[in-house]
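Hi,

Here is the structure I promised to pass on. Have a look at it first, then read my notes below.

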Amino acid sequence: MKIAVLIKQVPGSDSSLPIQNDASWINEEAITYVMNESDNYALEEALQIREQNGNGEVVVISLGPDRVQKVIREGLAKGADRGIQINVDSVGAVDPLVNASLIADAIKEEKFDIVFSGLQSDDLGMGQTGIILGEMLGMSTASLVMETEISDGRIKVKRELEAGYFQWVTMDLPSSITIQSGLNTPRYPSLKGIMGAKKKEINVLTPEVGQSKQSMEKVYIPQSDKQTVMIDGSADQIVEKLVETFRNDIKVI
Amino acid sequence: MDILIVIEDNNSKIHRMGLESIAAAQSISKDKGFSIGVLVMGGNAEGLSTEVSKYDVSEVLKLNNDIISSYSSDGYAEAVKQVIEQENPKYVFFGHTYQVRDYVPKISAKLMKPFLVDNVSINKDGEKFIFTKQMFNAKLYSDMVAKDNGPLLISFQSAAFSADNAQSGSASIRDISVDIDSSMIKTESDEPFQEEAGGMDLTAAEVIVSIGRGIGKEENIPMAQDLAKAIGGELASSRPVVDSGWLSAPHQIGSSGQSVSPKMYLALGISGAIQHVVGMKGSKNIVAINKDPEAPIFEIADYGVVGDVVEIIPKLSEALKEN
């Protein structure tokens, strides 16, 4: 079983997000980057499948400038076998069609059985790249997956639907599957894993980037039209004011 | 046809976000004189087309055959792709539902046309449109433009437009067909099911005490339960709390859980990720307590406290019990 995992490096949820003066993007030098949350679950699912099978290969693939090697190394430290960096400028990497095309070109000769990705990135949140990639490579696809079972060359996945519903979908391999957070417990890298990762291969590709079919004109902080009454003071004062608000304004006690 | 809207079947009814898409299309069509077509497909297309024809749109396109009578991503993607090729609209509108996320990227790949997702508004800029989407869990917005002549695939976030604003009218219904072969369908789908069904119905609660990641650890759950009891409300949570196994799935509010609109929603240590917000922003009063003054939950809160929920919750329970 040969599994690719698409990993995106995104600003951490606690990172500041200063906007560049020309409002074209955030100031990347001021950002603390982490592995995209749902991608971390996707990686764990791939590692568990490889362990259950007793053989196979897990390849982590990340698209972006050299900083993304950090998340590739993190993936290798957790147990992935090798990495591929598709070296592109991050601002040029907005359009999922372009990104999926670049990944498709990079991996089409590899004949992966499964491509896992997180269901969406925590930065742009386009939520399309894994599905577009699957379509481009003629794979079956499924999104928002909460559980996987592999047998007899097929994969059965539990998809999350809306309003608390789920659905089992069975597909032939190869398959490109987007993973919902929470389906497993992602491991932390061991010290041995971290040391071993340094010796593992990262293949850096520098392809020509196609023309974007959608782009960001302007990035900005949203203006809230809601007036929020802020309650402050010491913890005791806050509690006192909250109780008054519950009683006199909202009238729930 | 200028705008094609694809309506989703929600248990034989028009998915609410389909009506929101109609409202969105109508809002930009008035001064442009756009024609609006609405596609209904699948096993319930007959009844749905009659429902949709009661809105102020140009026409309703009705599509059904054996292969698309129930949903599959391959079947729906191929069917809608062929309808787009037949009708050649400038824009194709969708609600940003889970189903749309599952199959519309495939249409984007088949046609090599961009899919501008999860928009919260449309603004006109000369002859083109600017579509605004949220990024970084709604901390920033981005104005997106298409660099393509279309057809453009566009989806709208839940409640970006109000279904109540969908104007009624009378539209003709046209049967259409597509050429799909069963060999194109790579998936076999079982029936949808609910887990832990019949557990809790939070939709009737007047007060909801909802906890998020800020509660810190499982050992702090009882203090939230205690607060819910003290205030006479139901305990609920955002997704991370359920993912961590601290509360069971029926407690979850948001796009993958329940949607609620209580008299008071007390959001404790909830950052306000959009997946959560879509399930509670209709609440009459939102009171948010969060350590991070930049948390997006404060954008929609009526009352806000910047503070540590683990410190405030026990004191609040105590004060409520004294009253």
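**What I found where the chains meet**

Asp102(B) is buried, at a relative accessible area of 2% (buried means under 20%, exposed over 50%, partly exposed in between, with a 1.4 Å probe and protein chains only). Helices (H or I, at least four residues) and strands (E, at least two) are DSSP runs, numbered from the N terminus.

Before you go on: this is a predicted model, where local features need pLDDT of at least 70, side-chain atom pairs count only at pLDDT 80 or more, and totals for chains, interfaces and linings use all residues. Residues are numbered from 1 along each chain as written, chains are lettered from A and ligands numbered from 1 in written order, and side-chain values use heavy atoms, without hydrogens and water.

Arg239(B) and Glu160(A) form another salt bridge, at 3.1 Å between the closest N and O atoms. Arg239(B) sits in helix H6 (residues 239–243) of chain B and Glu160(A) in strand S8 of chain A, so this pair also joins two chains. Both residues are buried.

How many salt bridges cross the interface of chain B and chain A? The rule finds 8. As for contacts (heavy atoms within 4.5 Å), 77 residues of chain B touch 83 of chain A.

Cheers

Conventions:
Salt bridge = Lys/Arg side-chain N within 4 Å of Asp/Glu carboxyl O.
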